Amino acid sequence: MSTYKTLTYLGAGPFLFLTVFMLLNPPAEQIFAFLILIYGGFITSFLAGSHWKEAIKKKDKSLQFICMIPTIVSVFIVISAVVFNPIWLLPMLMILFVWLYRLDTSLSKETHKDYILVRRNITVLICTLLIIAFAISYDF
């Protein structure tokens, strides 16, 4: 397995562990949800930042703006989690991961197809974990 695949899948580890911890320790669900949001914010900012370089090289202002939105929204989500119940914000993080995957696929002409497949798999895995974390901790 190549290095980027290994690192990509290992990057999903904190999402898995924090979701399991939410399941095992219901009184601390909000703390684990907050930690998921912080870690997810770092990851989405990193993924969005990887596209800024391309947008700047192309001098494409609209692409630069599109690439900045996930980072701005990530910061907003983490700050909002201080004030609001962080569990409510987990679906927003999921939307960011899907957005970034769609951004990857729209730029896939310059991206290796194997990377797009790995990104799809990891996006599905992370979104599944976010849905599980939301479902086990949200009071319906």
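Since the model is predicted, local features are limited to pLDDT of at least 70 and side-chain atom pairs to pLDDT 80 or more, while totals for chains, interfaces and linings use all residues. Residues are numbered from 1 along each chain as its sequence is written, and side-chain values rest on heavy atoms, with hydrogens and water left out.

Starting with the overall picture, the chain has 6 helices and 0 strands, where helices (H or I, at least four residues) and strands (E, at least two) are DSSP runs numbered from the N terminus. The pattern along the sequence is simply α-α-α-α-α-α. The C-alpha trace spans about 50 × 35 × 20 Å along its principal axes. The radius of gyration, taken over C-alpha atoms, is set against a globule rule of 2.2 Å times the number of residues to the power 0.38. For 140 residues, a compact globule would come out near 14 Å, and the chain's 16 Å agrees with that. Of the contacts (heavy atoms within 4.5 Å) with a separation of 6 or more, 72% are between residues 24 or more positions apart.

As for the surface, accessible areas come from the Shrake-Rupley method with a 1.4 Å probe, and for residues only the protein chains shown count as cover. The chain exposes about 8,200 Å² in this way, 74% of which belongs to carbon and sulfur atoms. Buried residues make up 40% of the 140 in the chain; buried means under 20% relative accessible area, exposed over 50%, and partly exposed in between (1.4 Å probe, protein chains only).

Next, the core. A nonpolar core is a set of buried Ala, Val, Leu, Ile, Met, Phe, Trp, Tyr and Cys residues joined through side-chain atoms within 4.5 Å. The largest one holds 31 residues, and Phe15, Ile36, Leu93, Phe97 and Leu130 touch the most other members. Two or more residues each come from helix H2 (13-24), helix H3 (29-58), helix H4 (61-83), helix H5 (90-106) and helix H6 (113-137). H3 gives the largest share, 7 residues. Ile36 shows how these pieces meet: not counting residues up to four places away in sequence, Ile36 touches Phe15, Leu18, Thr19, Met22, Leu90, Leu93, Leu130 and Ala133.

H3 itself has 30 residues and reaches 43 Å from its first C-alpha to its last, close to the 44 Å expected at 1.5 Å a residue; the expected span of a helix is 1.5 Å times one less than its number of residues. Its buried residues are Glu29, Phe32, Ala33, Ile36, Leu37, Gly40, Gly41, Thr44, Leu47, Ala48, His51 and Ala55. The cover over them includes H2, H4, H5 and H6. Just past the end of H3, Lys59 takes a positive phi of about 55°.

Buried along H6 are Ile116, Val118, Arg119, Ile122, Thr123, Ile126, Cys127, Leu129, Leu130, Ala133 and Ser137. Helix H1 (3-11), H2, H3 and H5 are included in what covers them.

Arg119, found in H6, counts as buried at 4% relative accessibility. Leaving aside neighbours within four places in sequence, Arg119 is in contact with Leu47, Phe97, Leu100, Tyr101 and Asp104. Over in H4, Thr71 is also buried, at 17% relative accessibility. With residues up to four places away in sequence not counted, Thr71 touches Ser45, Ala48 and Trp52. Leu16 of H2 is partly exposed, at 41% relative accessibility. Its C-alpha atom is separated by 9.1 Å from that of Leu130, 114 residues apart along the chain.

That leaves the cysteines. With a disulfide taken as a pair of cysteine sulfur atoms within 2.5 Å, the count comes to 0. Cys67 is in no disulfide, and the nearest cysteine sulfur, that of Cys127, is 18 Å away. Cys127 is likewise in no disulfide, with the sulfur of Cys67 as the nearest at 18 Å. Cys67 counts as buried at 0% relative accessibility, and Cys127 is buried with a relative accessible area of 9%.
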